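Hi,

Here is the structure I promised to send over.

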Amino acid sequence: MGLGASIKRDFTLMAILLIPVAIAINVVGGQLAKTLQLWIFLDSIGTFLVAMLAGPWIGLVTGALSVLLLSVADPTMAPWSVLAAAMGFLVGVLARRGMFTTWGKAAISALIVTVISVAVSVLLSYYLYGGFTTSGVSILTGAINDYSDLPLFWAIVASHTPAELIDKFLSVGIATLVVRSLSNRALLRFPHGEIFVAARKRERGAARTAP
């Protein structure tokens, strides 16, 4: 499948209609985390949901638009749109390969997303902001930097790793739970619906043949 066909496949009418809903989920979650100064971000649940259902390209667009909207209130967030877009694309690719059709595969996918997200977020935080941003995780970075012998770079790694681990597993878990709760009829309205429906049929067939 060529690039143009791949992009066109993602942007069905139902998928496009889901984008505003996904962005709203991201914005509400992101604002809540920022207001409460949480050590997690909560701004990827909608992106992961639409990427699982519709594909990598629509996940990329949703992730980028969500963070750009959040950056209206906090312009320092704008560069993070690159990471959000990359995470949306990655989840869409993993979904297309059936990596969210079981909880075991979803956990592996969440770990992959976490590793890449930690790497990119540490680099962005360190090189663009000197390790300290407006997110709650910077409080943890400061505490580690003040009360340990770790250099700033490794203090950022030490703070972002648990934050990203909790955030991405939580976001993947919620999105996967929503997708798995949808009916077959609802799933088949989206580009990746057949993947989840086929997996569900295999699960039910295996359950019926089990001794």
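Helix α4 (residues 56-70) packs against helix α5 (residues 80-96) at an angle of about 155°, and their axes are 7 Å apart. Those axes are lines fitted to C-alpha atoms, for helices over the stretch in contact, with angles running from 0 to 180 degrees between N-to-C directions. The angle makes α4 roughly antiparallel to α5 (under 35 degrees counts as roughly parallel, over 145 as roughly antiparallel, 65 to 115 as roughly perpendicular, and the rest as oblique). The crossing of α4 and α5 is right-handed, a term for the near helix being turned clockwise from the far one by less than a right angle, with anticlockwise giving left-handed.

On the α4 side, the contact is made by Pro56, Trp57, Gly59, Leu60, Gly63, Ala64, Val67 and Leu68. From α5 come Trp80, Ser81, Ala84, Ala85, Gly88, Phe89, Gly92, Val93 and Arg96. Contact here means heavy atoms within 4.5 Å. Sorted by class, the contact of α4 with α5 has 11 nonpolar, 5 polar and 1 charged residues. In that sorting, Ala, Val, Leu, Ile, Met, Phe, Trp, Tyr, Cys and Pro are nonpolar, Asp, Glu, Lys and Arg are charged, and the others, Gly among them, are polar.

Before I go on, a word on where this comes from. This is a predicted model, with residues numbered from 1 along each chain as its sequence is written. Local features need pLDDT of at least 70 and side-chain atom pairs count only at pLDDT 80 or more, while totals for chains, interfaces and linings use all residues, and side-chain values use heavy atoms, with hydrogens and water left out.

The crossing of α2 and α4 is right-handed. In α2, Ala15, Ile16, Ile19, Ala22, Ile23, Asn26, Val27, Gly30 and Gln31 meet Ile58, Thr62, Leu65, Ser66, Leu69 and Leu70 in α4. The residues of this contact divide into 10 nonpolar, 5 polar and no charged.

The loop between α2 and α3 holds both glutamine 37 and leucine 42. Phi of glutamine 37 is near 55°, a positive value in a residue other than glycine, and phi of leucine 42 is near 60°, again positive in a non-glycine residue. Most residues other than glycine have a negative phi. Glutamine 37 counts as partly exposed at 32% relative accessibility, whereas leucine 42 counts as buried at 14%. Buried is under 20% relative accessible area, exposed is over 50%, and partly exposed is in between (1.4 Å probe, protein chains only).

Helix α3 (residues 45-54) is mostly covered, with 10 of its 10 residues buried. Among them are Phe48, Leu49 and Met52. Just after α3, glycine 55 takes a positive phi of about 125°.

Serine 117 lies in helix α6 (residues 103-129) and has a relative accessible area of 0%. Which residues does serine 117 contact, leaving aside its neighbours within four places in sequence? They are Leu83, Met87, Glu164 and Lys168.

Threonine 101 is in the loop between α5 and α6 and is buried, with a relative accessible area of 5%. Not counting residues up to four places away in sequence, threonine 101 touches Arg180, Ile195, Phe196, Ala199 and Glu203. Threonine 101 and alanine 198 are 97 residues apart in sequence, and their C-alpha atoms are 9.2 Å apart in space.

Finally, the whole chain. The secondary structure comes to 10 helices and 0 strands, both taken as DSSP runs (H or I of at least four residues for helices, E of at least two for strands) and numbered from the N terminus. The radius of gyration is 18 Å, close to the 17 Å that the globule rule gives for 211 residues, so the chain is as compact as a globular protein of that length. That radius is taken over C-alpha atoms, and the rule is 2.2 Å times the number of residues to the power 0.38. The C-alpha atoms fill a box of roughly 60 × 40 × 30 Å, taken along the principal axes. Buried residues make up 46% of the 211 residues. Of the contacts with a separation of 6 or more, 67% are between residues 24 or more positions apart.

Best wishes
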